[in-house]
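Let's take a short walk through this structure. Have a look at the picture first, and then we'll go piece by piece.

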Amino acid sequence: MIAEVVKANELTKVDPVFGQPSFNDHEQVVFCHDKDTGLKAIIGIHNTVLGPALGGTRMWKYANEWEALNDVLRLSRGMTYKSAISGLNLGGGKAVIIGNAATDKTPELITRFGEFVNSLSGKYITAEDVGSTTADMDLIRDVTPHVTGISESRGGSGNPSPVTAYGVYMGMKAAAMHQFGSNNLEGKKILVQGTGHVGETLISYLAKEGALVQISDINEDRMHEVAAKYGVQLFTGDDLYSADVDIYAPCALGATINDATINKIKAKVIAGAANNQLAVEEVHGKILMDKGISYAPDFLINAGGIINVYGEIAGYGKEEALKRTENIYNTTLEIFHVAESSGITTQQAAMQIAQKRIDDRKKEIAK
């Protein structure tokens, strides 16, 4: 009997997890289902060398389960390097719940998800993300201790979004220093894509500093509300990637820097809160470098949120969280220096530094 030859591009159909292009030696992938509540969720645990895998739970109406799996694999991997480069004793994990947060989310569904988190005995610690809230984390806390970002009234650190935004702001100022020779953003034309909790707080910092801010969002009501609140402009062009701006700040979903957009970008700095901004890290990071665009790696500058919730585990408060997040400015400058002196992309430089910390810890454990 002759075995059927499987083409490389068909491999993922045979191996839907291990053959997934985004699978990156993940330690564990957990599929969670509950008929009564309608819960369909995936928990991705990428790496626990430095500590338990901490990462938020995203609830999103994915087109299909394949898309959800791809997202959780990419996001959990990013959390590994985010914690490592931030000096936290945490690994990388993430969870996605398949569904529309506005219509499908119920207290019962969130509680049932919390029970699945609890079944992992602390290997994965959850937190809030797109489509989940501090109130959801409080519900999860009722059934498991393995959750962060619970409300301050219950002894938690509360909503991490403001601290995430502060870190992005620090990273943007560092990127501006590298590109323009000054970290002063007054008068700089900045396009912020996405006006969620993080995006809005970033906009408030930029408007206060005197930047010329334009905003874009698929939710028009939300966009108009934020524009009126901070006195910023709506982006009215046909193609935001071709916008004549100094800085582009992607603060919505990832992969906006891709084959279709990268050669349109006129901004000289890219610094935003979205995860996995580069559709293909090696390819698009190199193109940005060749174009002379200063790219602040997303997993570095959006780490304020995890620094904030880690305080619940490490025992430090908001003041210390902000101090640690402010240091993102210095780390970002270091990344630019390493990248420039080594002739590599900023993404590669940041990954190398994070990976070294993981590898060093592996050697310590092996002794």
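Buried means under 20% relative accessible area, exposed means over 50%, and partly exposed lies in between (1.4 Å probe, protein chains only). What you see is a predicted model, where local features need pLDDT of at least 70, side-chain atom pairs count only at pLDDT 80 or more, and totals for chains, interfaces and linings use all residues. Residues are numbered from 1 along each chain as its sequence is written, and side-chain values use heavy atoms, with hydrogens and water left out.

Let's start with Met223. Met223 sits in helix 7 (residues 220–230); helices here are DSSP runs of H or I with at least four residues, strands are runs of E with at least two, and both are numbered from the N terminus. With a relative accessible area of 9%, Met223 counts as buried. What does Met223 touch, leaving aside its neighbours within four places in sequence? It is in contact (heavy atoms within 4.5 Å) with Thr195, Ile215, Ser216, Asp217 and Leu234. Glu200 is 23 residues away along the chain, and its C-alpha atom is 9.5 Å from that of Met223.

Six strands make an open, parallel sheet in the order 8-7-6-9-10-11, where two strands pair if DSSP finds at least two bridges between them. Strand 8 (233–234) and strand 11 (294–295) are the edges, each pairing on one side only. Strand 6 (residues 189–193) and strand 9 (residues 247–250) pair in the parallel sense over four bridges, and Gln193 stands opposite Pro250 in strand 9.

Last stop: Val130, in the loop between strand 5 (124–128) and helix 4 (134–141). Val130 is partly exposed, because its relative accessible area is 33%.
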